[in-house]
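Have the structure open beside you as you read.

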Amino acid sequence: MSVSLGRRRTAVFALFFLPGLAMASWVTRTPDVRDLLGASTGRMGLVLFGLSVGSMVGILCSGPLVARWGARPLIAAGTLATAAGSGVIGLGAAAGADAVVALGLGLIGLGMGGGEVALNVEGAEVERLLGRSTLPAMHGFYSFGTVVGAVAGMTLTAVSFPVLWHLAVVTVVVMAVLVPMIRCVPAGVGRRTGSGDGTHARASARPAVWREPRLLLLGGIILALAMAEGTANDWLPLVMVDGHGFDPALGSAVYAVFAASMTVGRFVGGRFVDRYGRAAALCASAVVGAVGIALVILVDNQAVAAAAAVLWGVGASLGFPVALSAAGDSGDNSAARVSLAATLGYVAFLVGPPSLGHLGEQFGLRNALLLVLILVVAASFVTPAARTARPAPSP
């Protein structure tokens, strides 16, 4: 492996790590932010709606922008928005302003949604040049970022460190890592070249992509397993605090366990994919995740709930990267296919937080998780759609 390709791979790993760090840093302080805002479960659902809206705007715009400008500027802009959002959330929490916190979440969502397709396009190109599966490990670095952020957040929650200063430090760290790493990402990856004919081809190709049932099924798998992952990111500490009686620090600790489980699943899951295939990996993920979610809902025991977070994390770990990889390999114009599949998946981030917040207000957060459980179980039945993927390269 050339030095330049090695640095490029390292940069992608680091750039996946940063949004995980920012997301977990906010999530572990959710109970503190809720208390600073004096918000009910329903109001918190509305605040979280900012994350959903930002994510959808970013994901809907990123595909065309990558095609026009390439992945690098979208990765840079997305990471900058994520860094800024962390700081804005801290300011909003300190001021007790729901709208400011929602704005900060919107910036994080915009940054992560906008950078998601671009990062995966760059990651898929690095994977192609390396000649072996690396996308799960790249997403593993996102999960590793959530572990670091969750452990730090848990510690700072336990010592009552101010939310404002915690998230301000996160902003500085993200910026400090972005500056050197973005220089290792070459310009032009993912950019569509050509004049009028190319524009016409894009316009005519997009409806054909939307009409492919198999690609839509892959998007549905992403939707369900992204819903499982996103629900934990948005609500798991509060589920543990309000639904199972944990104190805020231990609720954050359970989220850290979930994040660690996702990290392990993504780093070791590539071997499972290579040996048994993408369809089997996705089916196993859905089944294991469903078992974990069901235990959180049905068993009123703190030890079982904490252990179930491990199953939930392992189950959600491979859904997004493996289904995205299958979508990209399902035909021509890989960037458009990744964009479509990711867009369908991000519907989960749009409807998930407010829907669960409303259901939680009416029936309790644990019972609201039944919606997520149904989606994950349904996804397990359509995982054969991933068999369209190309065979994994021989070691």
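Two rings of Phe, Tyr or Trp (its six-membered ring) count as a pair if their centres lie within 6.5 Å; planes under 30 degrees apart are stacked, over 60 edge-to-face, and the rest tilted. By this rule there are 7 aromatic pairs. One of them joins phenylalanine 13 and phenylalanine 141, which are stacked at 4.4 Å centre to centre with 15 degrees between the planes. This pair links distant parts of the chain, 128 residues apart: phenylalanine 13 sits in helix H1 (residues 3-28) and phenylalanine 141 in helix H6 (residues 135-158). Helices here are DSSP runs of H or I with at least four residues, numbered from the N terminus.

This is a predicted model, in which local features need pLDDT of at least 70 and side-chain atom pairs count only at pLDDT 80 or more, while totals for chains, interfaces and linings use all residues. Residues are numbered from 1 along each chain as its sequence is written, and side-chain values use heavy atoms, leaving out hydrogens and water.

Both phenylalanines belong to one aromatic cluster, formed by Phe13, Phe17, Phe141, Phe144 and Phe267.

How accessible are some of the residues? Buried means under 20% relative accessible area, exposed over 50%, and partly exposed in between (1.4 Å probe, protein chains only).

| Residue | Relative accessible area | Class |
|---|---|---|
| Phenylalanine 13 | 14% | buried |
| Phenylalanine 141 | 23% | partly exposed |
| Cysteine 61 | 38% | partly exposed |
| Cysteine 184 | 16% | buried |
| Methionine 112 | 13% | buried |

As for the cysteines, the structure holds 0 disulfides (pairs of cysteine sulfur atoms within 2.5 Å).

Methionine 112 lies in helix H5 (residues 98-130). Its C-alpha atom is separated by 9.6 Å from that of leucine 51, 61 residues apart along the chain.

Methods: Helix = DSSP H or I, 4+ residues; strand = E, 2+ residues; numbered from the N terminus.
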